[in-house]
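Could you take me on a tour of this model while I have it open in my viewer? Please tell me what to select at each stop and what I will find there.

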Number of protein chains: 2
Amino acid sequence: MSTVIKASELLLSYDKVLVISHTSPDGDTLGSASALIKGLNFLGKKTAFLCADPIGKKFSYLFEDLNLTEYDESFHVVTVDIADPKLMGKLCDEYKDKVELAIDHHATHVPFGKVEWVNPNAAANCEMIFELLSEMNVLIDKSTATKLYTGIATDTGCFKFMNTTADTHIIAANLIALGADFGFVNKLMFETKSRACLETERKVLSDMKFYGGGKIASVEIPLSLLKETGAEEGEVESITAIPRTIEGVLLGITLKEKEGSEEGKTIWKASVRATEPCDASVICKKFGGGGHKGAAGCTLGENLEIGREELIKVCTEYLKEINEL
Amino acid sequence: MSTVIKASELLLSYDKVLVISHTSPDGDTLGSASALIKGLNFLGKKTAFLCADPIGKKFSYLFEDLNLTEYDESFHVVTVDIADPKLMGKLCDEYKDKVELAIDHHATHVPFGKVEWVNPNAAANCEMIFELLSEMNVLIDKSTATKLYTGIATDTGCFKFMNTTADTHIIAANLIALGADFGFVNKLMFETKSRACLETERKVLSDMKFYGGGKIASVEIPLSLLKETGAEEGEVESITAIPRTIEGVLLGITLKEKEGSEEGKTIWKASVRATEPCDASVICKKFGGGGHKGAAGCTLGENLEIGREELIKVCTEYLKEINEL
C-alpha cells in the first residue's frame, strides 16, 4: 500500500486530530497544518493545532477559517513538515512518542512517527498535503488552495529554487484553477517590505563581509539594529536570501541575534544559503542544525565573534573539501 | 481558423524568416525570438534576427545555438512581443509596413502586421511561442525549452505577478519536463547581483522619496552613480521592482538617466510599477509610453526635476481619480 493511501486511511479513521507544526514556523509548515485542518473540518472531524513558537502576523490569514478546539489525550497526533522531533521545540518531550503520523518532505528526516510518510522529492510539504486531500476526496476550496499555494510558494522561493519540479508547477496550476489567491500571497510573502525593514536591509548590507576569495558572504542582524529601525524579527527574514545572490558567492550567511531562553541573554543563530554544488545542510549539521541543500540553519552560541569564526572556518574547510577553494 | 493555426501555416510556408525583437530587449522578446528561430532552424529554414538595441550580456546564452544568416528583401518579417511599430526603434521606418506576422501578448497592442496574432491572456509572449511550436509540430528540445522558460519567468517575475495563470504553470511544467534549465535561468535572472550592483542599490535606496501620503515611492539612478559604483545599466534593472514593494506603496517609480541620441546629452526615462487597483500603463500612456497594468515605462525628457514633477503630478491626479487619495 502506498504511503499516501495509508496516511489517508489513518486520517479518515480518526475523529479528533491534533496537528503540530515545527518551531520558527514558516509558510510551508503553517500552510500544511491549516490546509490539512480545513480538510479535516470538511469531514466533520474535531481539530486542534500546536506550535511551540508564535505564528508570524503575516501568516494569520491561514488560520482565520478553521474550527480549532481544545485537545486532550484522545486526539491523534499528526506532524507536518517536521524533520526531527527536536523541531517540535518545547513540545518535543511531551509529544515525540505520541506522533501517529509524520508527514514530511525533508531528505534529512529522522523517523519518529508510528506511521511515516516522507517524500523528499516534494519541493514543499504542501505538495504532499495536496496529494493527501485529493486522495481523501476532500474538497479543496479557494481558501484551502490559498493555504497550499502559500507553502509551495514560500518553500520554493516562488518557483525559483532547484527543488521546484514539473509536479510543483502542475500542483500550482491546479491550485490557481481552484481559486488560490496567489496574487495576495506573493505580494505579502515576496513583495511587501516595511520602511523599517528596508532601512534595516540597507544597514545590514553596508556591513557585508566576504571570505574565501569572495565565495562566502556574511551579514549580521543584531537585536540592537532591529530596535533602532523598529523592524520586527519576522519581517527581516528576507535578508537571509541576499548574501547568496552576490555574484561569485557560493555560501551566503546571515547571523541573527535572538532572545535566549535565559532572561537578558541572547543567542546567535545562522541561516546558510548555498548555491550548487554546495550543500547548506552539511554545514549546519556540524553545529547540530539542519535543513535543505539550498537553505539550512543552526545555532551558534552567545558570542558573535566566536560563532562567526567557527562557522567561517567550517565553511572554508567545506569549500576546500569540495575543491571550490 | 484560429490565429495560432494561421500563424503556424504562414511560418511553415516560409523559407526565409527575419525575426524582430523590441527595443531595450528583455527576456520575453529575446526568449520568443530565439525559441522561434531555433524551431524554424529545426525545419531547415533560413533565419535572421534584428533588434534596434544591443542584447544584454546575460541574455547571450539564448543565441548561442542558432543558425543566423544575412538577410535580404526575400525574408519574411515576423515580430515578437512588439506592441507598437515604434518599439522597433530605429528599424521602425524600414520595417513597419513589411511585417507579415505580428505575434504579441500586450493588451495595448496597436495593429501593424499583415497577419496579427495577439493574445493578451498570455502572461508572456513565450507562452504563445510554446503554443505555436507545438502547433507546428516542431521539436522543443532542452535549449528551446530553456529559451521559452526565460521569457515566461522574466515576464511574470518568476510566477509572482498577477498576469500568471494556471496555463502559465502548465506550460512551465511542460518546459521543465522537456529539460528547461530553470535553475540556471532563475539564478541568472533573479539571484545574481554584482557587488557593484549591490552598492548602487544601497545608494539608490537611501535616497528614496515618498509622495501622496506614502502611496508613491520614487528612486533615481543617475549615470554618474553607475560610473561611481562601476555597475552596468542592464544589471541595475532589478532596482525598478523595489519601490513598489514598500508597504503601502501603490505606485513605485524608478527614474533612469540614459545616454541620449545627441552626443553629450542624456535623457530621463521612468519605469512605473503598480499594485492593484492601479494601472501603470495608464500613467505612462500620458507620456507617450506604454506597457502592462503592473509595469510600464515612458520617456520624460532631459531635465530630471521637471520630469519628476510632471510624473508625480500625473500619478497624484491618477490616485485621486481612482479614489486612492
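Start by selecting A:Glu73 and A:Lys98: their side chains meet in a salt bridge, 3.7 Å from N to O. The term is used here for a side-chain nitrogen of Lys or Arg within 4 Å of a carboxyl oxygen of Asp or Glu. A:Glu73 sits in the loop between β2 (46-50) and β3 (76-80) of chain A, and A:Lys98 in the loop between α3 (92-95) and β4 (99-104) of chain A, so this pair ties together parts that are 25 residues apart in sequence. Helices (H or I, at least four residues) and strands (E, at least two) are DSSP runs, numbered from the N terminus. Over all chains, the count comes to 34 salt bridges. Side chains of opposite charge can pair when their charged atoms come close.

A few words on what you are looking at. This is a predicted model, in which local features need pLDDT of at least 70 and side-chain atom pairs count only at pLDDT 80 or more, while totals for chains, interfaces and linings use all residues. Residues are numbered from 1 along each chain as its sequence is written, chains are lettered from A and ligands numbered from 1 in the order in which they are written, and side-chain values use heavy atoms, with hydrogens and water left out.

**Next stop: where the chains meet**

Colour chain A and chain B separately and turn to the contact between them. Chain B brings 38 residues to this contact and chain A brings 38 residues, with contact meaning heavy atoms within 4.5 Å. About 3,500 Å² is buried between the two chains, and carbon and sulfur atoms give 66% of that area. Buried area is the accessible area (1.4 Å probe) that two parts lose on being put together, summed over both. Now select B:Lys160, B:His169 and B:Glu191: in chain B, these lose the most area to chain A, together 19% of what that side buries.

How many salt bridges are there between chain B and chain A? The count is 2. To see a salt bridge between the chains, select B:Arg244 and A:Glu191, whose side chains meet at 3.1 Å, N to O.

Which elements of chain B give two or more residues to the side that touches chain A? Select α6 (166-177), α7 (182-190), α8 (195-205) and α10 (242-245) of chain B. Of the elements, α6(B) gives the most, with 7 residues. By class, this side of chain B has 19 nonpolar, 11 polar and 8 charged residues. Here Ala, Val, Leu, Ile, Met, Phe, Trp, Tyr, Cys and Pro count as nonpolar, Asp, Glu, Lys and Arg as charged, and the others, Gly among them, as polar.

Select α4 (125-135) and α6 (166-177) of chain A, the elements that give two or more residues to the lining of the second largest pocket. α4(A) gives the most, with 4 residues. The lining includes A:Asn119, A:Met128, A:Phe130 and A:Ile171, and about 160 Å³ of space lies in this pocket.

On a 1 Å grid over the protein atoms alone, a cavity is a set of points where a 1.4 Å probe fits but cannot get out, and a pocket is an open set with protein on both sides within 12 Å along at least five of seven lines; lining residues have an atom within 4 Å of a point. Grid points are joined across faces, edges and corners, and a volume is the space filled by probe spheres set on the points.

There are 2 cavities of 30 Å³ or more. For the largest cavity, of about 50 Å³, select strand β8 (residues 251-259) of chain A, which gives the largest share of the lining, 3 residues. Its lining has 3 nonpolar, no polar and 5 charged residues. For the second largest cavity, of about 30 Å³, select A:Glu201, A:Arg202, A:Leu205, B:Glu201, B:Arg202 and B:Leu205.

**Last stop: the backbone**

Select A:Glu276 and A:Pro277, where the peptide bond is cis, with omega near 5°. A:Pro277 lies in the loop between β9 (266-274) and α11 (280-285) of chain A.
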